[in-house]
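Work through the exercises below with the sequence and the model at hand. Each task is followed by its solution in steps.

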Amino acid sequence: MKFPGSVLVSLVLFVAETAAALCLSGAYRAAGDRMWQWLTLLFALLPCALVQLSLVFIHRDVSRDRPLVLLLHLLQLGPLVRCVEVFYIYFHAGRVEEPYVSITKKRQMPKDGYSEEVEKEVGQAEGKLCTHRSAFSRASVIQAFLGSAPQLTLQLYICVLQQEITAARSVFMVLSLLSIVYGALRCNILAIKIKYDDYDVSVKPAAYLCIFMWRSFEIATRVVVLVLFSSVLQIWTLPVVLVNFFVFFFYPWILFWQSKSPFPENIEKALSRVGTTIVLCLLTFLYAGINMFCWSAVQVKLSDPDLINKSQNWYRLAVYYMLRFIENAFLLLMWYIYKTDIYLYVCAPLLVLQLLIGYCMAVLFMLVFYQFCHPCKKLFSSSITEGLLSCFKFLCFVCKPPKSTSMTDKAELKSSENADESQSSNKTIDSQNGNPHQSVSSNA
């Protein structure tokens with residue numbers, strides 16, 4: 001039985017970030033910055049409430065008689081209770097013989113083209129730990145992209161405006177960045193386990209390192225670009241954010257309406273149609289929040305029973321990173337044109353170059369992960385390099401002018417030249433032979 005380290009990391013980041021947010025909001029209140037105080041509290045308490053809601057929903061606490069647990073969730077202490085429960089189950093596992101076990105069948109990674117199916121006995125304790133790990137993973141994703149990401153952007157924006165980085169604010173920003181990167185890492189692992197649920201997936205340390213570096217470069221550069229742009233063009237910040245958010249929010253719903261699939265009813269039996277709609281809206285809300293800052297490894301598909309698209313689409317991945325790179329470059333260009341006096345001692349071209357290189361480094365680590373470190377790379381129908389090459393060939397084919405029009409133009413030009421040559425040759429023949437009508441008239 002694995003040690004529940006992911007649960008402990010999630011709890012530590014959750015508690016540390018919440019405590020740092022409360023301390024920093026108190027500092028803003030003492031300094032008289034009411035607006036920064038309320039925004040810091042909002043970005044700290046809103047994800048806390050959503051985390052409690054997700055833990056209650058996954059463990060089905062509403063339908064069970066557990067009033068104390070529900071009360072602790074209302075007091076925002078749900079993760080602490082869950083962590084205590086996890087370690088109680090872990091340390092007491094094996095001491096008492098379990099009345100029954102369940103048997104799961106998992107296929108191993110194929111070797112030499114063959115894949116063996118292995119049966120494994122899973123006891124009640126291990127099943128409960130698996131449920132807790134899954135719940136904390138989803139809670140970490142919610143905490144990262146609905147709380148830590150806006151919080152990091154806000155605090156960095158305050159640092160730029162005030163031209164000062166305090167110790168408390170720097171510690172808080174480091175915690176927020178770690179929380180976002182960890183949430184993105186858990187999102188990648190969840191995507192792999194959901195897509196390849198039939199296989200026994202084991203993630204190696206090299207894969208964790210590649211994901212960590214990939215997400216660190218991607219999220220850090222994205223946050224800095226948004227802060228730089230919003231510091232010089234405050235009016236246009238809200239349209240940029242809303243366009244990004246609504247595009248990713250409505251994209252799964254548009255695909256669902258185009259597929260003409262029936263409304264999903266198998267999410268939770270106790271939920272009504274309205275409750276199911278609210279859950280789906282919250283899911284797409286989280287999906288949009290993730291894609292605002294980085295590539296979401298999990299693709300929402302409302303027409304699928306698991307609500308997840310399990311196919312590997314390299315084209316969508318390539319289009320996302322190309323468009324995001326163009327957007328980041330455009331926002332940096334706007335910042336460079338309209339930068340104010342607060343950036344007087346900043347080498348703007350060097351900063352722009354560093355941010356673009358940082359984003360390219362994120363893409364490089366992503367390619368290394370999918371090409372060499374992905375735990376299920378043997379199951380890919382095509383490698384990521386082949387997929388990207390075919391995508392680039394398709395884009396080059398679209399950008400090139402069609403050859404059919406040029407060939408028809410050449411054919412028409414040649415036919416007209418041939419017609420002119422035939423007409424000129426007929427005239428020369430007539431001039432050599434003479435006109436028969438003229439000869440007949442002269443004889444008469």
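**Exercise 1.** Is Phe 3 buried, partly exposed or exposed?

Solution. The model is a predicted one. The relative accessible area of Phe 3 is 45%. A residue is buried under 20% and exposed over 50%, with partly exposed in between. Phe 3 is therefore partly exposed.

**Exercise 2.** Find how many aromatic pairs there are, and describe the one formed by Phe 3 and Tyr 90.

Solution. Step one: ring centres must lie within 6.5 Å to pair, and the count comes to 22 aromatic pairs. Step two: the ring centres of Phe 3 and Tyr 90 are 5.6 Å apart, with 85° between the planes. Planes over 60 degrees apart count as edge-to-face, so the pair of Phe 3 and Tyr 90 is edge-to-face. Step three: Phe 3 lies in the segment before helix H1 (5-31), while Tyr 90 belongs to helix H4 (residues 78-92), so the pair ties together parts that are 87 residues apart in sequence. Step four: Tyr 90 has a relative accessible area of 22% and is partly exposed.

Phe 245 counts as buried at 18% relative accessibility, whereas Phe 246 is partly exposed at 40%.

**Exercise 3.** Which residues form one aromatic cluster with Trp 295, and where do charged ends sit over rings?

Solution. The cluster holds Phe 248, Trp 295, Tyr 320, Tyr 321, Phe 325 and Tyr 359. For the charges, Arg 215 has its charged end over the ring of Trp 214, 4.1 Å from the ring centre. The charged end of Lys 339 sits over the ring of Tyr 336, at 4.2 Å from the centre.

**Exercise 4.** Compare the span of helix H2 with the span it should have.

Solution. Helix H2 covers residues 34-59, which is 26 residues. The expected span is 1.5 Å times one less than the number of residues, which gives 38 Å for H2. The end C-alpha atoms of H2 are 38 Å apart, so the two values agree. After H2 comes Arg 60, with a positive phi near 55°.

**Exercise 5.** Where is Gln 163 placed, and is Gln 163 buried or exposed?

Solution. Gln 163 is in the loop between helix H5 (124-162) and helix H6 (167-195). Its phi is positive, near 55°, in a residue other than glycine. At 54% relative accessibility, Gln 163 counts as exposed.

**Exercise 6.** What does Ser 6 contact, leaving aside neighbours within four places in sequence?

Solution. Ser 6 is found in helix H1 and is buried, with a relative accessible area of 17%. The contacts of Ser 6 are Arg 133, Tyr 182 and Arg 186.

**Exercise 7.** What is the helix content of residues 167-185 and of residues 318-338?

Solution. An unreviewed UniProt entry lists several spans as "transmembrane region", including 167-185 and 318-338. Residues 167-185 are 100% helix and 0% strand, with end C-alpha atoms 27 Å apart. Residues 318-338 are also 100% helix and 0% strand, and their end C-alpha atoms lie 30 Å apart.

**Exercise 8.** How many disulfides are counted?

Solution. A disulfide is a covalent bond between the sulfur atoms of two cysteines. The count is 0 disulfides. As for individual cysteines, Cys 130 counts as partly exposed at 48% relative accessibility, and Cys 376 counts as buried at 0%.

Notes: Residues are numbered from 1 along each chain as its sequence is written. This is a predicted model: local features need pLDDT of at least 70, side-chain atom pairs count only at pLDDT 80 or more; totals for chains, interfaces and linings use all residues. Side-chain values use heavy atoms; hydrogens and water are left out. UniProt positions are given in the numbering used here, feature names are shortened, and annotations may be inferred rather than shown by experiment. Helices (H or I, at least four residues) and strands (E, at least two) are DSSP runs, numbered from the N terminus. Rings of Phe, Tyr and Trp (its six-membered ring) pair if their centres lie within 6.5 Å; planes under 30 degrees apart count as stacked, over 60 as edge-to-face and the rest as tilted. Buried means under 20% relative accessible area, exposed over 50%, partly exposed in between (1.4 Å probe, protein chains only). A charge sits over a ring if NZ of Lys or CZ of Arg is within 6 Å of the ring centre and within 35 degrees of the ring normal. A disulfide is a pair of cysteine sulfur atoms within 2.5 Å. Contact means heavy atoms within 4.5 Å.
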